[in-house]
Amino acid sequence: KEARAMINTWTQSYFKTEGLRLLYIIPEELINKVLPLYIELDNKMKIKETVRVMVGRAEILTPGKEQEISKLITDLGSDDFSVRETATKKIKKLGRITEPVLIYTIKNTKDIEMREQCQKLLQELTENSLK
């Protein structure tokens, strides 16, 4: 039941969202070190065994996807409104990597128009996530 609930939770964000991901099992020793577990029992209860499992996820940016995103970011600085609008729509569909891509661009671009477009998009994403 717990595994099915986890898969249902992940279905949209991990399995139905475009992108390449690496899912991996985190060693139990690391889980216990980072997230110690303390259970207080009354005298009648006893725990025979405790097993903890945690799944990690890493988004993988392929060279092709990186080039595509780079072009979209460049298009945000275009003089052509329709090019900027198309780039904006495609960037919003990047999923989990949208925010890091925008933050990286804001910090690293010298193009004022591109920086402003990225800041605007980042603000929209932030406002939408709070709703």
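Is the crossing of helix 3 and helix 4 left-handed or right-handed? In this predicted model, the crossing is left-handed.

**Close-up 1. Packing of helix 3 against helix 4.** Helix 3 spans residues 63–75 and helix 4 spans residues 81–92. Their axes lie 8 Å apart, at an angle of about 135 degrees. An angle over 145 degrees would count as roughly antiparallel and one of 65 to 115 as roughly perpendicular; helix 3 and helix 4 are therefore oblique to each other.

**Close-up 2. Residues in the contact of helix 3 with helix 4.** The left-handed crossing is the setting for this view. Helix 3 contributes Leu72, Ile73 and Asp75, while helix 4 contributes Val83, Arg84, Ala87, Lys90 and Ile91. By class, five of the contact residues are nonpolar and three are charged, with no polar residues.

**Close-up 3. Asp75 in helix 3.** Asp75 has 15% relative accessibility and, because the cut-off for buried is under 20%, Asp75 counts as buried. Leaving aside neighbours within four places in sequence, Asp75 is in contact with Val83, Arg84 and Ala87.

**Close-up 4. The largest nonpolar core.** This core has 15 residues, and those with the most contacts inside it are Ile69, Ile73, Leu76, Ile91, Leu102 and Cys118. At least two core residues come from each of helix 3, helix 4, helix 5 (98–108) and helix 6 (112–129). Helix 6 supplies the largest share, four residues.

**Close-up 5. Surroundings of Leu102.** Leu102 is one of the core residues with the most contacts inside the core. Not counting residues up to four places away in sequence, Leu102 touches Ile73, Ile91, Cys118, Leu121, Leu122 and Leu125.

Notes
Residues numbered from 1 in each chain as written. Predicted model: local features only at pLDDT ≥ 70, side-chain atom pairs only at ≥ 80, totals over all residues. Heavy atoms only, no water. Axes fitted to C-alpha atoms, helices over the stretch in contact; angles between N-to-C directions. Parallel < 35°, antiparallel > 145°, perpendicular 65-115°, else oblique. Left-handed = near helix turned anticlockwise from the far one by under 90°. Contact = heavy atoms within 4.5 Å. Nonpolar A, V, L, I, M, F, W, Y, C, P; charged D, E, K, R; others polar. Core = buried A, V, L, I, M, F, W, Y, C linked by side-chain atoms within 4.5 Å. Buried < 20%, exposed > 50% of the residue type's maximum accessible area, 1.4 Å probe, protein only.
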